[in-house]
Amino acid sequence: MDGLRRALLPLIVAMNLPNLAYLYLSTSLPTNQALIASALSVEMFGYGFGFVGVILLMMQEIAPGKYQTAHYAFANSLMNLGLMIPGTISGKIQMTVGYRNFFIWVVLASIPALILARFIPIRGGRNAVETADPAIVA
């Protein structure tokens, strides 16, 4: 689907806007509440749009086919595992390197996702059964 293919990179960028907002906050340490609220608004906006991209990708590219609900549940579980495992150690990493260095590391760690987004196979919304190997489907 051309729409998802075109939208995926901007959605990934939006998902990483909160990283830049927190990097800014950790670097400048503002006391202006309006500025802090604006940065938190960027966080909500970025995560909202970014998760739309993840959900669309799962629904259109991973879940189509005979077992849509099972595929979606499995993909959603893997996505949440990818959030939970780093979340368990992120506090210790932040305590070791400090807020500023932590968010520099987070921004740098997001670069591979931006690069690899170009290589995500998007079948265009066709059924997984239609695109699968006929020997496996039969």
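Predicted model: local features only at pLDDT ≥ 70, side-chain atom pairs only at ≥ 80, totals over all residues.
Residues are numbered from 1 along each chain as its sequence is written, and side-chain values use heavy atoms, with hydrogens and water left out.

**View 1. Overall fold of the protein.** The protein has seven helices and zero strands, and its pattern along the sequence reads α-α-α-α-α-α-α. Helices (H or I, at least four residues) and strands (E, at least two) are DSSP runs, numbered from the N terminus. Of the 138 residues, 25% are buried; buried means under 20% relative accessible area, exposed over 50%, and partly exposed in between (1.4 Å probe, protein chains only). The accessible surface is about 9,300 Å², with 70% of it belonging to carbon and sulfur atoms. Areas come from the Shrake-Rupley method with a 1.4 Å probe, and for residues only the protein chains shown count as cover. Among contacts (heavy atoms within 4.5 Å) between residues at least 6 apart in sequence, 74% join residues at least 24 apart.

**View 2. The largest pocket and its lining.** The volume of the largest pocket is about 1,200 Å³. Lining it are 37 residues, of which Met-15, Asn-16, Asn-19, Gly-82 and Leu-83 are the closest to its centre. A pocket is an open set of points on a 1 Å grid over the protein atoms alone where a 1.4 Å probe fits, with protein on both sides within 12 Å along at least five of seven lines; lining residues have an atom within 4 Å of a point. Grid points are joined across faces, edges and corners, and the volume is the space filled by probe spheres set on the points. Helices H1 (2-28), H2 (33-62), H3 (68-97), H4 (99-109) and H5 (111-116) each supply at least two lining residues. H3 gives the largest share, 10 residues. By class, the lining has 28 nonpolar, eight polar and one charged residues. Ala, Val, Leu, Ile, Met, Phe, Trp, Tyr, Cys and Pro count as nonpolar, Asp, Glu, Lys and Arg as charged, and the others, Gly among them, as polar.

View 3. Gln-94 is in helix H3 and is buried, at 13% relative accessibility. Ile-104, in helix H4, is partly exposed at 28%. Ile-104 and Leu-23 are 81 residues apart in sequence, yet 6.5 Å apart in space, C-alpha to C-alpha.

**View 4. Aromatic pairs.** The whole structure holds six aromatic pairs. Tyr-47 and Phe-51 form a tilted pair, 6.3 Å centre to centre with 35° between the planes. Rings of Phe, Tyr and Trp (its six-membered ring) pair if their centres lie within 6.5 Å; planes under 30 degrees apart count as stacked, over 60 as edge-to-face and the rest as tilted. Tyr-47 and Phe-51 are four residues apart in helix H2, so about one helical turn separates them. Phe-102 and Trp-105 are also a tilted pair, with centres 5.9 Å apart and planes at 45°. Phe-102 is buried at 11% relative accessibility, whereas Trp-105 is partly exposed at 46%. Ring pairs link Tyr-22, Tyr-99, Phe-102, Phe-103 and Trp-105 into a cluster.
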